Amino acid sequence: MKIDVHHHIAPPEYRSALAARGVESVGGRPIPAWDPEETLAFMERQGIETALLSVSAPGVFIGDPPLARELARSCNEYLAGLVRENPRRFGAFAVLPLPDVDAALEETAYALERLKLDGVGLLSSVDGRYMGHPSFEPLFEELDRREAVVFMHPHTPEEGGVPDTGLPPSLIEFVFETTRAVATLLFNGILERYPRVRIILPHAGGTVPFIALRLSLGQFWPGLQEQVPKGVVAYLRSLYYDTALSAAPFALRSLQELVDDSHILFGSDYPFAPELAAAATIAGLNEYPGFDERSREAVFNRNAKELFPRLRDRARG
């Protein structure tokens with residue numbers, strides 16, 4: 001059975017709030033309605049025991065900080081309710097009302113201590129600032145203190161921030177957004193100062209594995225080298241990478257050159273990725289010759305159990 005670390009949800013209140021402000025799609029794809037029974041049926045068909053639920057882009061900040069706080073709290077309460085009702089089938093990453101760092105710190109404490117959610121969900125950027133921006137450092141300091149697991153999903157780039165290709169942003173920009181966020185975490189020293197934060201990158205890390213050597217040039221760049229004293233590759237190897245929309249030999253081989261199999265996790269990207277795509281991901285992992293049976297089991301469930309003690313302890317019990 002599989003543990004899916006990349007599984008999205010659009011709570012009704014959140015979806016309604018976005019629609020009221022004219023936000024009905026992200027990355028060129030409609031924000032899907034989400035139904036627990038339909039999701040559980042999908043999980044049964046695909047052999048998914050547990051899904052770690054997260055809210056995708058655009059997140060809860062749509063230019064209104066008080067609304068972001070309200071939506072983050074309502075999303076987290078909704079997620080916690082789903083986990084309480086289905087503790088074997090669901091886990092959850094908390095939503096935070098960034099860019100308000102003080103509010104995000106308050107919500108982190110509430111979500112992890114009171115609601116007992118399994119980790120924290122972040123976006124690659126909020127309000128035009130990537131996660132490595134100095135303004136977000138107090139949050140990473142707190143996440144490091146808690147040894148939190150963080151799922152960092154790409155956001156859509158700011159309008160006008162990239163050349164207009166006429167293509168849906170999710171098609172290519174999502175992988176670049178993840179890469180930009182990782183670069184800022186590296187070269188602002190966040191990964192060096194806060195090593196106990198366990199960060200999961202979706203989509204096999206975007207373009208990170210393929211351009212790891214190019215990123216490594218930063219360790220020789222004046223003003224950057226002191227932020228990565230262990231060398232760029234050492235930090236990249238400390239991150240975790242999911243397989244959503246990436247279970248093909250040309251992506252997996254590049255990823256395996258960077259990290260060992262203990263840092264690769266199964267992810268479906270459902271329901272933004274339809275069931276056919278999730279099935280293709282599972283088939284791609286089953287057919288990939290670079291995994292033996294032990295590696296495949298680690299990717300499908302064992303690695304997630306090591307990251308999430310609740311799932312590990314449940315299995316032992």
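1. Ground rules. The model is predicted: local features need pLDDT of at least 70, side-chain atom pairs count only at pLDDT 80 or more, and totals for chains, interfaces and linings use all residues. Residues are numbered from 1 along each chain as its sequence is written, and side-chain values use heavy atoms, with hydrogens and water left out.

2. Overall size. The protein chain has 317 residues and a radius of gyration of 18 Å. A compact globule with 317 residues would have a value near 20 Å, so the two agree. The radius is taken over C-alpha atoms, and the globule rule is 2.2 Å times the number of residues to the power 0.38. Along its principal axes, the C-alpha trace spans about 55 × 50 × 45 Å.

3. Burial and surface. Of the 317 residues, 57% count as buried. Buried means under 20% relative accessible area, exposed means over 50%, and partly exposed lies in between (1.4 Å probe, protein chains only). The accessible surface comes to about 13700 Å², and 53% of that surface belongs to carbon and sulfur atoms. Areas come from the Shrake-Rupley method with a 1.4 Å probe; for residues, only the protein chains shown count as cover.

4. Contacts along the chain. Take the contacts between residues at least 6 apart in sequence: 77% of them join residues at least 24 apart. Contact here means heavy atoms within 4.5 Å.

5. Secondary structure and sheet. The protein chain has 13 helices and 12 strands. Both are DSSP runs numbered from the N terminus: helices are H or I with at least four residues, strands are E with at least two. An open sheet is formed by 8 strands in the order 1-4-5-6-9-10-11-12, with parallel pairing. Its edge strands, strand 1 (2-8) and strand 12 (264-265), each pair on one side only. Two strands pair if DSSP finds at least two bridges between them.

6. Pairings in detail. Strand 4 (residues 48-54) and strand 5 (residues 90-95) run parallel, joined by 3 bridges. Alanine 51 has phenylalanine 90 of strand 5 as its bridge partner. Strands 9 and 10 also pair in the parallel sense, over 3 bridges. There, phenylalanine 151 stands opposite isoleucine 200 of strand 10. Strand 10 is joined to strand 11 (residues 240-242) by 2 bridges, again parallel. Isoleucine 200 stands opposite tyrosine 240 in strand 11.

7. Leucine 265. This residue lies in strand 12. Leucine 265 is buried, with a relative accessible area of 0%. Leaving aside neighbours within four places in sequence, its contacts include Val5, Ile200, Tyr240 and Leu307. Leucine 265 and tyrosine 240 are 25 residues apart in sequence, and 7.3 Å apart in space, C-alpha to C-alpha.

8. Threonine 281. Look for this residue in helix 11 (residues 275-287). Threonine 281 is buried, at a relative accessible area of 4%. Beyond neighbours within four places in sequence, threonine 281 is in contact with Thr243, Leu245, Ala247, Phe266 and Gly267.

9. Helix 5. Buried residues of helix 5 (residues 137-146) include Leu139, Phe140 and Leu143, and also the acidic Glu137, Glu142 and Asp144. The buried residues of helix 5 pack against elements including helix 4 (101-114), strand 6 (119-123), strand 9 (149-153) and helix 6 (169-187). Just after the helix, glutamate 147 takes a positive phi of about 55 degrees.
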